Amino acid sequence: MKKRKATAVWNGSGKDGKGHVTTQSTTLNQTQFSYKSRFEEGVGTNPEELIAAAHAGCFAMKLSFVLNEAGFTADELHVDCVVTLEDSITHSELTLNAKVPGITKEKFEECANDAKENCPISKSLSGKISLTASLS
């Protein structure tokens, strides 16, 4: 079992306040977020953007392991993730463009779907998860 930590600090009201997040690794170090960065187009990060980054990264790493178990090594796994926020995160859309030497389309799709279903972030999301995957 591995535990990771992040801290958020918020000051002020929901709409006019501001906050910052810091991760254990300090990759994010008092990184600002606000109402505008979350619901408009303001400067700073937001929880949904961080979940999209986590899902893209987790899926890519899980797919790498799945491919390795099947006897393949990816030259590149490029993953975009878009999350949709309504009252909760209702959808996470993964788009994968992969370079995997020697793999068939069918085996690639099988591996990609396995990773989509079994990466830890996918397992933690209750909304719909979709995947568009292509080999190049």
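Student: How many bridges join strand S5 to S6, and do they run parallel or antiparallel?

Tutor: This is a predicted model. In it, S5 (residues 89-99) and S6 run parallel, joined by eight bridges.

Student: Which residue in S6 stands opposite glutamate 93?

Tutor: Serine 130.

Student: What packs on the sheet?

Tutor: Helix H2 (residues 47-69) does, touching S4, S5 and S6. The direction of H2 makes about 145° with that of S4. Helix H3 (residues 105-118) also packs on the sheet and touches S5 and S6. The direction of H3 makes about 150° with that of S6.

Student: Back to the strands. What is their order in the sheet?

Tutor: S4-S5-S6, in an open sheet of three strands with mixed pairing. The edge strands, each pairing on one side only, are S4 (76-85) and S6 (128-135). From one strand to the next, the twist averages 15°.

Student: Now the loop between helix H1 and H2: where does asparagine 46 sit?

Tutor: Asparagine 46 is in that loop, with H1 covering 35-39.

Student: Is asparagine 46 buried or exposed, and why?

Tutor: Asparagine 46 counts as buried because its relative accessibility is 11%, and the cut-off for buried is under 20%.

Student: Which backbone atoms lie by polar atoms of its side chain?

Tutor: The backbone oxygen of serine 37 lies 2.9 Å from a polar atom of the asparagine 46 side chain. For the backbone nitrogen of glutamate 48, the distance to a polar atom of that side chain is 3.2 Å.

Student: And leaving aside neighbours within four places in sequence, what is asparagine 46 in contact with?

Tutor: Ser37 and Arg38.

Technical notes
Residues numbered from 1 in each chain as written. Predicted model: local features only at pLDDT ≥ 70, side-chain atom pairs only at ≥ 80, totals over all residues. Heavy atoms only, no water. Pairing = 2+ DSSP bridges. Helix = DSSP H or I, 4+ residues; strand = E, 2+ residues; numbered from the N terminus. Axes fitted to C-alpha atoms, helices over the stretch in contact; angles between N-to-C directions. Contact = heavy atoms within 4.5 Å. Buried < 20%, exposed > 50% of the residue type's maximum accessible area, 1.4 Å probe, protein only. Polar contact = N/O pair within 3.5 Å; in protein donor to acceptor, adjacent residues only side chain to side chain.
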